[in-house]
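Hello,

Here is the structure we talked about. Please open it and have a look before reading on.

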Amino acid sequence: MLLEGKNALITGCARGIGHALMTAFAREGANVWAFARKESASFMEDCQALSQRHGVWVRPVYTELTNEAARKAAFAQVLADKQPLDILVNNAGIMGEDRLFQMTSEAEMRSIFDVNFFALLEVTRFATRLMARRSRGAVVNIASVAGLDGDSRIDYSASKAAVIAATQKLAREYAGQGIRVNALAPGYTDTDLVSGLSQKVRQETLARILLGRPADPMEIAQVAAFLASDRASYVTGQTWRVDGGIL
Amino acid sequence: MSNLNKYVDAFAAALEVAPDQVPSLVYGESPSWDSVGHMTLVARLEDAFDIMMEMDDIIDLSSFEKGKEILRKYDVDI
């Protein structure tokens, strides 16, 4: 198994790519702190089922990542487990409806950056401090092709471009401490996040994809698992497109 | 091992200096205590005393003596 014996913190696990990440990582033998925003019985059941099926532990941790106090309480839960942290996957993100720049308020832009960028940095600050103690670790930031191509709403695209730039800076800063930092840029993926897209935008997007279909979230998660694993030990500071071929 | 020994060991290991040189160390004045060495030192101290330092304390950690003062905030007496 790709991640046997590793401990991973994954944010945004309740649904979509995050849920697939949690599932793929458990399947590959990793224990998971599964961060989610809202407590739910079904999520708890999912975590328990994964734990039993794969012989790992998958612990739900509920927190609002943009709230400093809530975030620190979540980190305290991780610390209380007294387990080393090997992997961080920064997945939590929001997008909002597709709209023009002139119709996007400053408040909306700030709220998207709060989740997609600033919260990601704070989780990374916490995780890399733990990883640095053992001089090893891997961080995978879930960015987006929008951060490379600028083809989504302006605040979402810019926040993901910021994640990609931060990935490069963090990779430089932490290489000496044995920590790899990479980003993954999914294209059109079949999740709730893109449910706000109009039919016209969906059709236009699909027409640009060589494989002619959206990604299944598990197809994104599998690449993230590889990047987080020791098999990617010579990969850092990179952004990998997983987009079905948008050329 | 006493807290003082753990404290000195953390500095010596993180900044790659002999233990007897540790008490005179000041950030930026020792070749190995640069920004990378600083974060290695923080990691060593956090691991040695099982604490998580606040960002302001990481910035303020500028000398061997100042570090003792900062650790007191985390109930670590050197």
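Below is what turned up, from the overall shape down to the cores.

First, a caution: this is a predicted model.

Overall shape. Chain A folds into eight helices and seven strands. Its radius of gyration is 17 Å, close to the 18 Å that the globule rule gives for 247 residues, so chain A is as compact as a globular protein of that length. The C-alpha trace spans about 50 × 35 × 35 Å along its principal axes.

Of the 247 residues, 51% count as buried. Chain A carries 28 positive and 26 negative side chains. The centres of these two sets lie 6 Å apart.

Contacts along the chain. Take the contacts in chain A with a separation of 6 or more: 76% of them come from residues 24 or more positions apart.

The cores. The largest nonpolar core has 38 residues. Leu21(A), Phe25(A), Val58(A) and Leu184(A) have the most contacts inside it. Several elements each supply at least two residues of this core, including strand 1 (7-10), helix 1 (16-27) and strand 5 (137-142). Helix 8 gives the largest share, eight residues. Look at Leu21(A) up close: leaving out residues up to four places away in sequence, Leu21(A) touches Ile10(A), Val89(A), Asn91(A), Ile142(A), Ala221(A) and Ala224(A). There is also a second, separate core of 25 residues. Among them are Phe75(A), Leu170(A), Ala171(A) and Tyr174(A).

Best wishes

Note on methods:
Residues are numbered from 1 along each chain as its sequence is written. Chains are lettered from A and ligands numbered from 1 in the order in which they are written. This is a predicted model: local features need pLDDT of at least 70, side-chain atom pairs count only at pLDDT 80 or more; totals for chains, interfaces and linings use all residues. Side-chain values use heavy atoms; hydrogens and water are left out. Helices (H or I, at least four residues) and strands (E, at least two) are DSSP runs, numbered from the N terminus. The radius of gyration is taken over C-alpha atoms; the globule rule is 2.2 Å times the number of residues to the power 0.38. Buried means under 20% relative accessible area, exposed over 50%, partly exposed in between (1.4 Å probe, protein chains only). Contact means heavy atoms within 4.5 Å. Lys and Arg count as positive and Asp and Glu as negative; His and the chain ends are not counted. The place of a charge is taken as NZ of Lys, CZ of Arg, CG of Asp or CD of Glu. A nonpolar core is a set of buried Ala, Val, Leu, Ile, Met, Phe, Trp, Tyr and Cys residues joined through side-chain atoms within 4.5 Å.
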